[in-house]
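The account begins with charge pairs and then turns to rings.

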Amino acid sequence: MSNSPRVAVIGTDGRLGAALAREYARDLEVTSYKRSQLDLSRLDQIRSVLSETEFDLLINCAALTNVDYCESNRKEAFLVNAEAPRLLAEICRDKAAKLIHFSTDYVFDGKKTDTYVEEDRADPLSVYGESKLEGERRVLEVSSQHLVVRLSWVFGPDKPSFIDQIIQRARENDVVTAVADKFSAPTYTIDVANWLRLAIDKNANGILHLANNGECSWQEWAQYAVDVCRSLGIPLKAERVGAVSLADMRNFVAQRPVHTVLSSAKFTTLTGVQPRHWREAVAEYISAHVSKK
């Protein structure tokens, strides 16, 4: 972002959108849209709102992300996650602007034991994954110069995520549990903000995977978070995170992929930067944003 583009960010009441808008507003002209200002389920509103805004770069962080809700609300999932992104891509094309659209590791079936690269075949297991994959396709159909960024297990200071829920439960209970047979890589929103700037400077387009380095299960992630809290003197009742299996999660409606570690090798080749390990990012997040009260 060397030539100071005008940036518009959609979905700034979400974890990722809030982080990107805040980080970029330090030195760029940023227009932010919360859901109350721009709702992706309302295509007419998208047209009217964005037609009045000047921007060079549109970053879409909004989506229908409740995996189980999507399973029984297919039409709404495809409207928000596929039709709306296509419209955003068309608006950007007409304004000679670039769209950055965020997607997910859930476009994969999770059957690969190695890391997933951008060229791997996507084969989603859920309506959420299907709708997100269709959104990717429609965005890149409009212009191959747009950028689709897939992330996994996003956490950050702007909205509680899995890690915050675990820490809260560990404050209140002697034992907490987490799924031990589902693997991916946590992705820190503050890191995404930095990586994305580097990728934009290199004119990245097509599909790009971004995640912190390494991999873990939900249980390993949770245990590490508990260990970090204890080392920082944050009072917790629980010392241990017990293991449960994905099959034990009876309240899950949609099928989840079990191994979706995204490779950031393409990003590293492009920028010369290797994302830091998820443990380092998690430790920094906890020390900076989890209170010792």
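## Salt bridges and aromatic pairs

Aspartate 68 has a relative accessibility of 17% and therefore counts as buried, since the limit for that class is under 20%. The model in which this residue is placed is a predicted one. The side chain of aspartate 68 meets that of arginine 256 in a salt bridge, with 2.7 Å from N to O. This pair links distant parts of the chain, for aspartate 68 belongs to helix 3 (residues 67–72), while arginine 256 lies in the loop between strand 12 (240–244) and helix 9 (265–271), 188 residues apart. Arginine 256 is likewise classed as buried, because its relative accessibility is 11%. Arginine 256 also lies over the face of phenylalanine 252, at 3.7 Å from the ring centre. A charge placed over a ring is found at lysine 112 as well: its charged end sits over the ring of tyrosine 116, 5.6 Å from the centre.

In total, the structure holds 21 salt bridges. Side chains of opposite charge can pair when their charged atoms come close.

| Salt bridge | N to O distance |
|---|---|
| Aspartate 68 – arginine 256 | 2.7 Å |
| Glutamate 23 – arginine 26 | 3.0 Å |
| Arginine 121 – aspartate 123 | 3.6 Å |

Glutamate 23 is buried, with a relative accessible area of 15%, whereas arginine 26 counts as exposed at 61% relative accessibility. Arginine 121 counts as exposed at 65% relative accessibility, and aspartate 123 is partly exposed at 32%. Salt bridges with shared partners also join Arg22, Glu23, Arg26 and Asp158 into one network.

Tyrosine 224 and tryptophan 278 form an edge-to-face pair, with 5.5 Å centre to centre and 80° between the planes. Because tyrosine 224 lies in helix 8 and tryptophan 278 in helix 10 (residues 278–289), their pair ties together parts 54 residues apart in sequence. Tyrosine 224 and tryptophan 278 are both buried.

Serine 161 is found in the loop between strand 6 (154–155) and helix 6 (162–172). What surrounds serine 161 in the structure, leaving aside its neighbours within four places in sequence? Under that condition, serine 161 is in contact with Arg15, Val154 and Phe155. Serine 161 is itself buried, with a relative accessible area of 3%.

Definitions and conventions
Residues numbered from 1 in each chain as written. Predicted model: local features only at pLDDT ≥ 70, side-chain atom pairs only at ≥ 80, totals over all residues. Heavy atoms only, no water. Salt bridge = Lys/Arg side-chain N within 4 Å of Asp/Glu carboxyl O. Buried < 20%, exposed > 50% of the residue type's maximum accessible area, 1.4 Å probe, protein only. Helix = DSSP H or I, 4+ residues; strand = E, 2+ residues; numbered from the N terminus. Contact = heavy atoms within 4.5 Å. Phe/Tyr/Trp six-rings, centres within 6.5 Å; stacked < 30°, edge-to-face > 60°. Lys NZ or Arg CZ within 6 Å of the ring centre and 35° of its normal.
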